[in-house]
Number of protein chains: 2
Amino acid sequence: MSLYYRYHVFFCTNQREDGAACCADHGAQAMRDYAKRRIKALDLNGPGKCRINTAGCMDRCSEGPVLVVYPEGVWYTYVDHADIDEIIEEHLVHGRVVERLRIS
Amino acid sequence: MSLYYRYHVFFCTNQREDGAACCADHGAQAMRDYAKRRIKALDLNGPGKCRINTAGCMDRCSEGPVLVVYPEGVWYTYVDHADIDEIIEEHLVHGRVVERLRIS
């Protein structure tokens with residue numbers, strides 16, 4: 001399988017307007033922006049490497065905030081910058097799933 | 001590999017403000033909405049089945065409008081509803097890549 005991006009990461013940044021749980025309420029946009037900056041700083045950004053994307057609602061709101069890494073289809077939740085750093089260092093740099101943050 | 005969504009489809013719906021080519025200028029949002037309606041009508045929507053998502057810029061603007069199907073990592077462009085119907089019927093229903101619309 002030839003992949004345009006070796007790792008394509010989608011952060012749900014959806015803001016629900018009905019008061020229900022949503023990723024945006026957990027700082028998803030800021031965390032996505034942080035991940036994008038980190039990937040660029042590490043020179044991991046671009047074709048053949050990584051892409052950090054925003055996405056609309058991925059319909060796992062109650063488990064949020066969520067992101068998903070493809071092509072593996074591994075879903076994560078996160079709380080803070082340290083969690084994002086760990087996902088980058090472990091999964092995107094070394095190809096190791098971070099079980100601690102994984103949602104099934 | 002146990003996947004939450006068997007097929008997770010991301011439509012770039014990004015609107016660039018600098019006048020450069022972008023997916024939004026090609027009706028990407030309306031096409032994503034159409035795909036979402038079709039998937040629901042075919043009862044293909046949900047965990048274990050398909051998810052149609054919007055996404056921010058996936059940085060293939062000049063090849064747009066683009067969508068990507070994961071976990072395969074197959075990228076497509078499209079012009080009209082018939083193209084979307086073909087991607088749904090061939091790829092999402094029968095698991096066959098639509099080479100005619102594929103971008104490498």
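1. A few conventions to start with. Residues are numbered from 1 along each chain as its sequence is written, and chains are lettered from A and ligands numbered from 1 in the order in which they are written. As the model is predicted, local features need pLDDT of at least 70 and side-chain atom pairs count only at pLDDT 80 or more, while totals for chains, interfaces and linings use all residues; side-chain values use heavy atoms, with hydrogens and water left out.

2. The same surface serves both copies, as 100% of the contact residues of chain B recur in chain A.

3. On to the interface. Chain A and chain B each bring 21 residues to the contact (heavy atoms within 4.5 Å). About 1800 Å² is buried between the chains, with carbon and sulfur atoms giving 52% of that; buried area here is the accessible area, taken with a 1.4 Å probe, that two parts lose on being put together, summed over both. In chain B, the residues that lose the most area to chain A are B:Tyr4, B:Arg51 and B:Tyr70, together 27% of what that side buries.

4. Between chain B and chain A there are two salt bridges (a side-chain nitrogen of Lys or Arg within 4 Å of a carboxyl oxygen of Asp or Glu). One joins B:Arg51 to A:Asp59, with the closest N and O atoms 3.7 Å apart. In the other, B:Asp59 meets A:Arg51, also at 3.7 Å, N to O. This pair runs from the loop between strand 2 and strand 3 (66-70) of chain B, where B:Asp59 lies, to A:Arg51 in strand 2 (residues 50-55) of chain A; helices (H or I, at least four residues) and strands (E, at least two) are DSSP runs, numbered from the N terminus. A:Arg51 is buried at 8% relative accessible area, whereas B:Asp59 is partly exposed at 40%. The cut-offs are under 20% for buried and over 50% for exposed, with partly exposed in between (1.4 Å probe, protein chains only).

5. Over all chains, the salt bridges come to 22. One of them pairs A:Arg32 with A:Asp33, at 3.0 Å between the closest N and O atoms. Here A:Arg32 is buried, at 14% relative accessibility, and A:Asp33 is partly exposed, at 28%.

6. B:Asp85 sits in helix 2 (residues 81-94) of chain B and B:Arg38 in helix 1 (residues 28-41), so the pair ties together parts that are 47 residues apart in sequence. Both partners are partly exposed: B:Asp85 has a relative accessible area of 29% and B:Arg38 one of 30%.

7. Finally, shared partners link A:Asp83, A:Glu86 and A:Arg100 into one network of salt bridges. A:Glu86 belongs to helix 2 (residues 81-94) of chain A and is partly exposed, at 28% relative accessible area. Neighbours within four places in sequence aside, A:Glu86 is in contact with A:His91, A:Val98 and A:Arg100.
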